[in-house]
Each structure stands twice: as C-alpha cells, then as structure tokens.
There are 4 protein chains.
Amino acid sequence: MTKTGVWLIGARGNVATTAMAGARAIAHGRTDETGMVTGREPASRLDLPAVEEFAFGGHDIRETGLVETARSLSESGVPTAETVEAVAEDLREIDGRIKTGTAVNCGEAVADLGDGPPLEDRFGVEEVVDQIRDDYESFRRAVDADRLVVVNVASTEPELAAPDRYDTREAVERAIADDDQDLPASSLYAYAAIADGHPYVNFTPSTGSALDGLDDLARQEGVPHMGRDAKTGETLVKSALAPMFAGRNLRVMSWEGHNILGNTDGQVLEDEANEAGKLASKGGVLDSILPDMGHNRVRIDYTPSLGDWKTAWDYIHFEGFLDTQMTMQFTWEGSDSALAAPLVLDLVRLAAHADEAGESGVQPQLASFFKSPLGVDEHDLSRQFDLLEAYVERHAGSSGTEADR
Amino acid sequence: MTKTGVWLIGARGNVATTAMAGARAIAHGRTDETGMVTGREPASRLDLPAVEEFAFGGHDIRETGLVETARSLSESGVPTAETVEAVAEDLREIDGRIKTGTAVNCGEAVADLGDGPPLEDRFGVEEVVDQIRDDYESFRRAVDADRLVVVNVASTEPELAAPDRYDTREAVERAIADDDQDLPASSLYAYAAIADGHPYVNFTPSTGSALDGLDDLARQEGVPHMGRDAKTGETLVKSALAPMFAGRNLRVMSWEGHNILGNTDGQVLEDEANEAGKLASKGGVLDSILPDMGHNRVRIDYTPSLGDWKTAWDYIHFEGFLDTQMTMQFTWEGSDSALAAPLVLDLVRLAAHADEAGESGVQPQLASFFKSPLGVDEHDLSRQFDLLEAYVERHAGSSGTEADR
Amino acid sequence: MTKTGVWLIGARGNVATTAMAGARAIAHGRTDETGMVTGREPASRLDLPAVEEFAFGGHDIRETGLVETARSLSESGVPTAETVEAVAEDLREIDGRIKTGTAVNCGEAVADLGDGPPLEDRFGVEEVVDQIRDDYESFRRAVDADRLVVVNVASTEPELAAPDRYDTREAVERAIADDDQDLPASSLYAYAAIADGHPYVNFTPSTGSALDGLDDLARQEGVPHMGRDAKTGETLVKSALAPMFAGRNLRVMSWEGHNILGNTDGQVLEDEANEAGKLASKGGVLDSILPDMGHNRVRIDYTPSLGDWKTAWDYIHFEGFLDTQMTMQFTWEGSDSALAAPLVLDLVRLAAHADEAGESGVQPQLASFFKSPLGVDEHDLSRQFDLLEAYVERHAGSSGTEADR
Amino acid sequence: MTKTGVWLIGARGNVATTAMAGARAIAHGRTDETGMVTGREPASRLDLPAVEEFAFGGHDIRETGLVETARSLSESGVPTAETVEAVAEDLREIDGRIKTGTAVNCGEAVADLGDGPPLEDRFGVEEVVDQIRDDYESFRRAVDADRLVVVNVASTEPELAAPDRYDTREAVERAIADDDQDLPASSLYAYAAIADGHPYVNFTPSTGSALDGLDDLARQEGVPHMGRDAKTGETLVKSALAPMFAGRNLRVMSWEGHNILGNTDGQVLEDEANEAGKLASKGGVLDSILPDMGHNRVRIDYTPSLGDWKTAWDYIHFEGFLDTQMTMQFTWEGSDSALAAPLVLDLVRLAAHADEAGESGVQPQLASFFKSPLGVDEHDLSRQFDLLEAYVERHAGSSGTEADR
C-alpha cells in the first residue's frame, strides 16, 4: 500500500508518545501487535498500511521533547526504559516535525499545560485554520506521504454550547470567516483536515468533527471521519457487560463507577468543565443499553501515585427473579497509554483503508472503538464488533482467503 | 395457546422448587417476570404459553415436601417467607404429582440424597424407562395438558465414559433392551421423553440428551431437545467478557475462577467424580472464545454458610500493547435459585414454542441459556442472543409488529 | 444492677429504631448479643445493666411511628419482618415517650426531615434547654429509672465554626443565657444531660459534648461523657488495617475510600455542609496512624437502591522494599443499622457502668467505639481495645474470676 | 557494632537473592529501608548492625548464579533491571561463598530443583552436620565476621511426622549419631548453627528449630533462635483484620482465602505433601483469634504468569446484630520477594541484637514476623508489635533518647 503520514493533535501527550514509541518498537522488531485490533482476525484480513511504514508528525502546545515524555512514562512501566532507548533516535526525529498548535476554547486546565503562546495569540480564527492546513501540507511533503490521517489525541475540552449553530458546511465556513471565537480547537483541526481531504479521527470526548456541518463537508468532499472518545477501559467493560443484564432481563437498580487515575488526564478532569464532557460520554453507554436503569454515576478522581495507570471499581446492584437483589463488582487496572495507543494505530490503518476504498462521512465499522460513536446508536460491544466484521467481509473479498480464517 | 405440562427431573430440588414457587407467585400477582428472558424483547414477541397456566409435576428420589424445601430456601432469602406462604397451597398440590425416580449412575453423592429405594432397585433398565413413560403420561392426563415439556434440573452426574457407544437410535434402544447398566438416569429420562414426543431440556451438566443416538431419535420423531448446563452465573459473565479480550487482541495469560457455594450442588460437587463433569463444561467457554489463553482454572468449593448463594471471584491476567501486563477481577454474588429458576420457565416456554412450530432436534436459538449448547460452537453471549433474536424474527412475523420494537 | 433509662436523640431514626427493636428482641429471646462488644470477653466480665431491662424514650423532629420505621427497615432485611412484628407492641409503647426536639443549626437537610415545628420555633435557647431537661426528668420518673443515659444518634450537623468560644463552663452557660443562636442542637442536648447528672454519649460526628466547656462541666459535676462518631464500617476496618502498614514500614502513597449508601444518612450527606463534618472525622484516623501518607480521599455517595446497606470500596496503593509498588483493596458490605445499633446498647451499658463507678469527664476506655474519640489520640483499633481491657481489669476485680477468662 | 555474617539456607532462591540485592542496593545508596521493620520506630531505636555491613554466604542445592536469578526476578519487576546491574559485581562475589547443601527429607518437589548431588548423597547424617559446621566456620573466617546469623529461606519441606521423638537435646544428638534418616534438612542446619553458637532464624514453614530438643540446646548454649514461616502477605492481613471481628463480637461464619502465585514456591506447593505444611501454618492464625469460626479454608494455586507476584482474595462471611449476615472481601497483590526480603534483613539485625544482649532460646519479640511464632500464642498483629515495642523499651534505654520518638 501507499505511504501513510500520521498527524497527531496533542503529539507530545502520553497517548501519542506511546503510540509512536510502540510503532517504532514494532518497526525495530522489539514487540508485536498484541493489543491492536488490526493485529488479528477479522481486521487483519484487510489490506492495511504497515505500522512500520507510518511517518509521524503533529501539533501540540507543549515543548517537552518526546524522549523526555517517554522516559517519564517509563516510570509507570509503559513503555519500558529499554524500549524508550531503542526508539529514542526515532522520537527525536519526530520532535522536529511537531508544530505549535492551538488550544482555543480548551479550558483553563488545558491552556495551563502550554509552554509558549498558542496560535490564537497571534492569529484570528481563519488564520489559525490556514496555518494548520499549511502545517499538514508541509508535513505531507516532507515525509513524502501519499495520504495523511489526522488523529486528535489532545486533552479533553469543555463541552461546546449550542453545537446546532454549526449544522451545515456553510455555517461552519461562515463562522471561520467571521472569526467566531466559540469554535473549539478540535473542530478547527477537524475542519482543516477534512477540507483538505485528510481522513480525521477524534480519539477524545472533545467536539472535533461531531458537528453536522463538518459531516456535511466530509460527505461532500468524500472524506471519511469518525469519533469520538476512545473506549479503552471501564467503559469498554461496561459495553461488554451491560448487554448481559439486558439480555437476561436482570433489572439494574444502580451502577456505580469509580475511576482513579494519576496522569495529565486526571489533572485536567479535576477541572469541572472538562469533566462534564467526559462524563456525558461515559454515561451514555449504559443509558443506551439499559434504558430502565435506576441510577448511574461515574466518578473520576485524580490519584497522583497511580501515574499513567487507571483503576476502575464498578458496583452493579441488580434485581432478578422473585425480586432478588444481587450484586456484581469489578476492578479494572490498566495502563491508560498501553490501552489507548494501539487503538490510535488501528484507527489510522482503518481510516486509511476507508479512504482508499472511497468511503466518506462517518464510519460505522469503527463504532467499537468509541464511547460515543458518531452516527451509530449501537453500544453493545459485540454488535459493534459485528459492524467491523461485516465491513471486513465486504472489503476483504479479493485479498482474504479461506486459509486466513 | 394450549395448556403446558411441566415435568421436572429433580422436582424437589432448589431450582425446581424456586421455579414452581415463582411461577405460582406470578400467577398470584405477587411478582413479575424480571429475570426471565421471555419477559422482554425480543422473545416476548413470540406467542408463548403463559407461566400462569403451567401445570407442574416431576420425579425425585427425595421425599421432603416442597413447602419444607421452600421454607428452607427462604432462610437464604429466595423466595421470601411471605411468598412461600402465599404459594404453599399450590406447592402442596404439586407434591402429590411427584413420583419416585431413578438415580442410576448418578454417583454416591447424589444417591446419598435419596430418601427411599429408587426405581433401579426394583427394576431393570427397560422397566425403569417404561415406568418413567407411564409417569409422564399419567401426569399429562391428570392435568389435561396438550403438551408436556420435560426439564432435567437434578444434581450433576459423573461424566459418562465412552458416550460414542450410543451414537445411533438403534444403539440406545438396544442398550435399554439389553439392560445396559452404564446408561445414566438423565439419559433414561431423556429417552423416555423424546420417544413419547415430549420436548426435553437438560438444564444440568449431566449427559441427558447429549448422545448422538438421542438426537437421532429426536430428529426422527420430530421432537425438539436442548442442553446442557444452564449458564447462570460466573460462566454467564465469562461468556460476556471474554469476547472483549478477544476482540481487542488482549492476550489472556491466566483466567482464575473461584466459586464458593453453600447448597446441595456444592455438597455434590465436593465429590470429585461429579465435579469433573461440571468443570469440563465451565472451562469450555473460555477455551472456545480465547483459544490462545495460557492458563484457565475453575475451582468450586463448598461454603456452608452461603446457603443458596453463590459467590464467584475471577481474576484475569492479560497482556496488551508493548507487553504490558494488566488485570481485571470481578466478584459475582447471586442467589443460585433466583438465577436458575426463571431460565427453567423460559426454556419450557421456548421449547413448547419450538414444538408447536414443528422444530426438531437441537435448538440453536437456545444456545445463550447453556454452558455447553448442543450443536452450537458459538460461546460469545451476544452472538448467542443474536441466534435467539433471529429465531424470533423468523417466527414472530404475524404477531410481532413494528410498534413492539 | 439498677434500672437504666435510655434517652435517644433522634429516636425515630434507623439506628435508634434498630437498637430498640434489637433490645426488645433480646428481651423476648428471639436473638442474642452477637455484634455487641459487651456480649463477650473482656467487657462481659463487668457488672453491667441487662439490655432486657432498658427503658427507652427520646427526642425527634419526625413523627413517623417506630413500627412504621421498623417495617421500612425490614425491607432492607434488618430487622426481619418477623422480628418487627414480635416487638411491635413494645415499640408502640415507646412511641408515647418520644418528645418533639430541636434541630437548631442542624442544617437544611436535617431540618427538611422534620414533620412539625421544632422547639426552637417556639422558644429561645434557654427555654429549649429547660424543655429538654424537663423531658429527661419526666421520662426518668415515668419509667422509674435509677439512672438515665443520653445518647445522640441524630443525623449529622454541619461543623460548628470556632468552637473555642465555648471553652469553659461559664462560656457555655453565658451563651445559653444570652440566647446564642450558634449553639447546635447536639450541644444543647449534651448540656442538658450533663448539667442534670446524666451520662452523655455522642454517637454522631456532630459537636455534642466536644466543647471544652462541656467537658469542664462534666468533670465538675462528676458526669461521664464520650464521643464522637461511632466507628461502624469502613473506618473501623481502616483502624484495624492501617497499623499493619505502619508497623511493617510500608509507605502508603494513596488510600482511596469510596462509600455508597442508601439511607437517610446518605441523603443528608449529599448536603455539602453536613458531609464536611463527616469526612473530617473519617479522614483523621489514617492521618493519625500513617502520618507520612501521600494521599487520602474519602467519598460518600447516595445510592438509593442500597436502602440501609452501606458498601465501601477502599484502594490502598503502597510502596515496599526496593521501591516496589503494591496494592490492597477491600469491599465491605454491611447493614448500617445492624452495625451501629448494638454499639448504642454497649455504650449505654458502659456509660452506666462508668457512672456507677464514679468516673467523670471523657472516658478513654470507650475509644474503640469512635472515629474521633474525645481526649484520646490513639486510633489503632487493637490499642483502643487494650484501653477497654485495662478498664475491665481495673473494675472487674471482685466480680471477675479466673474461670471467666 | 561488630561485623555480621549472614548465612542463608536456600541462598540461590528468590527471597535470598532479593534480600542480598536489596542490602547491596542500600549499601550503594540506590534505595532506602522502606519495607524494613527496623527502618522505623520503635525498632530503629535499637543499636543494630548496619545492613550495609552485612557479609553474605549460604547453602543451596542449585547452581544457578545469583545474577542470573536476579535478572530472572527483574522480569517480574523486583528488583529492577537497573538495580540488578548495579549490584551484579557484589552478587558474583557472594556466588563464590555459596556451598552445596542438603535437601534430605525435603520432598520430591524440592529435590527436583537440585542441579548436582546434595550432601546426603555422599555422607551420613553426622557427616552432613559436620560439613555444614565446617561451611559456617570457613565463611565466618573468610569474611572476618564477629557474629554469624543463619536464616533458613529454602523451599517448604513436608511436615515431619512425630516431632516428639526429638524432645531433648540428647534425643537430637543421639539421632544424628545414629544416622537417623528422618531428620529434615532444616533441622540439621538449625542444629549445626545452634551447636556452634550462631543465632538461627527459620523463615519457612519447615521444621527447623521447632523441635523441643533444639530449643533445649539453644537455652543451654545461650543461643537465640526463632521461627517459623514468615508472615508476609495474606496471613499478615488476616492477623490484622481478625481481631476486629473478635473485638466487635462479629461471628465469622466462613473465611475463604484463595492464593495464586507464580514462582518456585507455587510449584513446590503443587506437591500435596509440601502444601500440607504450609496450610497448617496459615490456618492457625485464624483459629487462634477466632476460636468460634465456622469454616476456614486456604487455597494455594500455581498461576505461572504471575511470576514472583502473589495475589490473595479473601472472602469473609460474618454475622452481626439481629442475625444479620454481612461480608467483607479483600484482594492483596504483592511481590513475594519484595515483601519477604526486607524481613530477612530485619531478622538478621534483631537476632544479632538479641545475641549481643545475651538472650537465648525463642525470641517472643519477633512474633510479629511469623505465622507460627515459636513459644508465643498471640496471633493478633498489634499485640505482636507490642511485644517488639516492649523489647525495644527494655533494650534501647541508653541509646534511645526522647528526641528519637
């Protein structure tokens, strides 16, 4: 396949750093594709770009070098110190391709992370967008990529009020031209990508391409896009477990979820405005699968000693036959980056495939990757996997063989 | 619909008693169908016999009255003392329709539960079968039922050695005629049911109708049958969770399951021979969904103070991206009877429906009810639910409407 | 021993109702003293008043009958419906001895629970106190008690600002005379008790007798008093576990505690002002035992379906030898009333004993009962138990014999 | 203080390797004494030998180099790869001081670990003992130590039948002289140590010095000894928690403990004979603190993927006031070596101190370190800590000052 450029918004963050370090570790033969959905059936039957061939670049408002971030991550064990050193040279090369981005409307907590003046300090909205487009194109040429995939892995923004204002392509473009100060960074990045024909994936709960006007644009321009909010831990488990209660007609009276985590995400989520966006997305999964549920709360707390690890305790109080009250509880302990990073690589591969296949607009086959999959009402994890499998069946015809199964 | 007679093998056990008490409590308007799969979409769209109309009878080797068993169960809270008193009269009536059965090849632990001489003490194999058939027919007439469904809810038998001996209808019938002392009770009950055209469901890990010769008979006689080993607790959760690990390419290195329970089942499983049958069935679910799993152990221990409650702790050690080791653990605490009993009623309804619809042989649409579904390789719970939904789609055509969805 | 009158502040609440129902159930021979500290060694060696002989009365701002409250509790299983009916007549008799009390400075959430106008709507502070003293005395005479013990089991008040204002007996008495509107209800009840020579126990996190001026009064009048905040569940476990980490020099980096509960307490604690008082008390135990701990958070959330049950999940992240990070987590599931009620009866017995023995002021031997024991810095549960044992050694001399041990 | 030689039985095992690597890491300033009881109050007030000054040697039946074992351990994270390299030279030096030992009566599972012929293949019992004494003395001279402390950290032996045969010094010495083939390796090592005046500590559940004849010898020779079975994980927690249930008169109906571990210990315990010794020791703690407990089971299972980590899940089913059934469960996840190794260093220091102070026979102040403390009936962890504190009070008189507290 053709060479794929990967442009990461929030390129200096933990998820981006781990994704890039992981891709390079695979290229150096130090690890395999465990944890990647495209590393196994059914998605492995597709003709996908090789992770080893990815060229990375991106935007960020921080200036910390990737090696330094990777070393800091290695204190939590992922990646290991050995892996960091093995890919350090590669990361330093990528460092030179990361440009200063925008954090407009990302909230105080995110803005505080920045090391220098973001784009919006110098430019109006339209100029910010133009700069982003220039950055995309310069990168694409520099790495000689046939295709660019843009993935937003930046920290969570506050929820956008009244997104209906931007329900057509024209409304979005007028807002940009009129220097509308309400448009959040994630949507500017999304607009710039889609307008230039680059597939866009929103890995975060931020707005990104989740405006009807941007979907409108994507369909008109024949560009695939998808989001939002990658389903990596507690919510992933919920989407696997909740259908069991529904299917067995067990009435969930309360589902309490308590998440503790120690990385930048946790710090940013201490800010109430940013947390609201996150919680809305996490809560929706259960509401959809268990519409009659009595009580549903998700707590996210910052526990510094956990570093990049996230622990979730969920307590499910349910009623069965003869009004019997029963309980289930689970504890999930995972490395946030180790769970998220492989999905970034998966989504680049699958977005590139969709682009190659001529798909445009939202991509329902990617629903299993997201807490709030755009354009898909299905939250049952197995049924979301079925959407991917069906896509593979449609597209793997010539390349997949019986022997692959 | 027509009147349905329900014949329970192990009619004096906890599951049977709770199923009957629950059905009568529903009939008296004291509780609803929570916990019953047929109490909600999609199965509720089928034209099913009403639980309120079920007539109950059965075989057992114990003589303890149903009210006494129900009161003993109410010490564990299910059913409540109030419910027991409300249905006590109904249970006493059913008492009169429970006949002494056989426990041949059920193992020492089961035989020890018996209060009087079982059928095999007086009869040869063929006479035992004849007596069972007489008991079925007498009951059907007594309660004036149009259809009889036989469900095995007796304690677990030891595994049958060399079941291939019974791979044709002829082999089974010859064995009965030749007084083959190896055939276990569950298969004698199954033969008697199927030979007389009664749908048969094996709720337990025992052999029952899981002999090729009995399936042969069922298909020839046009009788539906299904089993085995109802999936009520820990294994149910496993079948919902394991596909998540598989789908995300997370490599499960170890899955430890520790079950503690305090009822007769626990006592019987203390006997190693009986436990072997149970564990084989529980382990198969993970082996099927996670073929590359490194280590898989299921422990079942008897903890008297738990009464009819079962607690399972599962610990899942898995590897993700960049060789990262992570863990998930869950604790499930449920009333064994409350979880099992509604499924008995569901299976009666759905077996009756299949019979009415002219189905015969194994019934894959019932796979989601079983740990070892006969004739179905799929152990992913959601995909098993899909089999039921597809059946409903095929059969609810005229009665189901858009408005039901 | 002499007859003991028990006056409960918050007499219509769950804890009070369960304590009274339990005492009467013991009197009727329906249950035993399991769960009561005084029901076993070492405290059982003291010459204590019999629970069967207790006469109950109290104050409340609600008017719901005790039988109704007990029946509502029995929906959560404690006490059982059978027990409630067995003691219903006794509870109705007690109903007639419960007077309307005061909720002054108890916060909005508590005031909202009231059914009629509390004392402070009709009276100034001094008159409220006088009314309380009249109520105490009338009850004592009515039940012909030799001694009255007053126990505060009312809902948690907001924290009192600047309690140092009340650091002498004179300051307290002047405040009452001057109609000081800041004194909270719990302290008015405490003043009235101590001034009249009745031992006072504060079972709650409210201020109660935790004013230096009230301790001053108690010592001058020769009255024992103690508090505050009974240690019934999660904090009890913490006070048993934390010394293990300290003693082994394991450095606790984070201790997260998440409590979910469904009763009135939970509702009241949803009010932030009331929660602050509770959390200060719970947090102190760990700060005392693990002074170098990095991070300590306690969450209390209201989960209606739990009724009177409380579930706590605690996650302890600690560092050991060679900088190794390890974890412990526990889940505690208890009936709040079943855990608290027996301690109320214990404290009545032990306060009566202290009074009989001529003790006055704070009572360190009762430290193990409280999250914030007055006058005691020791939070290690075993060492608190040792204080009780030493008290028993001192006082059981004549009545205890070698054979008792 | 004087120079201390540390002789480890099982010197090539995980615990020994981690203890030595840890001591050397402290000496190199790479880590501190976190996890060591003697690293904090009260024990730190004693005049103890410095860990940095320890000289190490020992016996083993394996020949794998310490660096290789340490590197293998570092795959489980403890010690880290960086630490192993930092102490590699030191470990290689120690390698030269490890002699081939005996595994007589250690069971098949232990014998299978050996790389060459153990002592008993060449010698009779008396010669084995003589060789051990020679090895002790050669080492002491080689490292120029003023004192030698012998610690048994070898794998668990099967239980010794009829230990009463060896109830006097004479009986033990006669058995050795008569070539009694029943004496286990741990007791031969203990005899050799005590006979030559070296303090002996049995860190394992094996017999070691737990023969009355060896205690006899120790008291006659003025040598301190102690054991057995270090309390590092699940049992440690039990000994902290069980007194809470006892003190509150909460009746434990069932206490289920399920341990899974992946190191050599786990493999050896798969052997039933060896497991019996371990379980007897673990079970005793609860039996002592909760004599009325209904049911108590401890399971130990081998889960290879856990490496050197041990996970315990305990489920406690208890009854409180008004016959209310409640539950507590905990999960403990620890590195076996990281928990055990610092205690080895603590015990060397404290045994050396006791020797210096002229103590002989069993050492009750060390009870908190053991599951089955010799000569001490107290299993309550806090009370065991009190024994240590009292010892410190007696001995730290001159060196401890107010400022230390």
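**How the chains fit together**

Guide: This is a predicted model. Chain D superposes on chain B by a rotation of 180 degrees with 0.1 Å of shift along its axis, and the RMSD is 0.0 Å.

Visitor: OK, so what relation is that?
Guide: It's the relation of a two-fold axis. The same surface serves both copies, too: 100% of the contact residues of chain D recur in chain B.

Visitor: How many residues does each of those two chains bring to the contact?
Guide: There are 20 residues from chain D and 20 residues from chain B.

Visitor: And which elements of chain D are on that side?
Guide: Four strands of chain D each supply at least two residues to the side touching chain B: β7 (251-261), β8 (295-302), β9 (309-319) and β10 (325-335). β7(D) gives the most, with five residues.

Visitor: Switching over: how many residues of chain A are in contact with chain B?
Guide: 49 residues of chain A are in contact with 49 residues of chain B. On the chain A side, the elements giving two or more residues are α1 (14-27), α9 (234-247), β10 (325-335), α12 (336-356) and α13 (381-395).

Visitor: Which of them gives the most?
Guide: That's β10(A), with ten residues. By class, the side of chain A that touches chain B has 24 nonpolar, 17 polar and eight charged residues.

Visitor: What does β10(A) join up with in chain B?
Guide: Strand β10 of chain B, residues 325-335. Seven bridges join the two strands, and they run antiparallel. As an example of who faces whom, E333(A) stands opposite T327(B) in β10(B).

Visitor: New topic. Where is N263(B) found?
Guide: N263(B) is in the loop between β7 (251-261) and α11 (264-270) of chain B.

Visitor: Is it buried or exposed, and why?
Guide: N263(B) counts as buried because 23 other C-beta atoms lie within 10 Å, and the cut-off for buried is 20 or more.

Visitor: Which residues does N263(B) touch, leaving out those up to four places away in sequence?
Guide: N263(B) touches N14(B), G307(B), D308(B) and D336(B).

Visitor: And what separates N263(B) from Y302(B)?
Guide: Along the chain, N263(B) and Y302(B) are 39 residues apart, while their C-alpha atoms are separated by 7.8 Å.

Note on methods:
Residues numbered from 1 in each chain as written. Chains lettered and ligands numbered in written order. Predicted model: local features only at pLDDT ≥ 70, side-chain atom pairs only at ≥ 80, totals over all residues. Contact = placed C-beta atoms within 7 Å. Nonpolar A, V, L, I, M, F, W, Y, C, P; charged D, E, K, R; others polar. Pairing = 2+ DSSP bridges. Least-squares fit on C-alpha atoms with pLDDT ≥ 70 in both. Buried ≥ 20, exposed ≤ 12 C-beta atoms within 10 Å, placed from the backbone.
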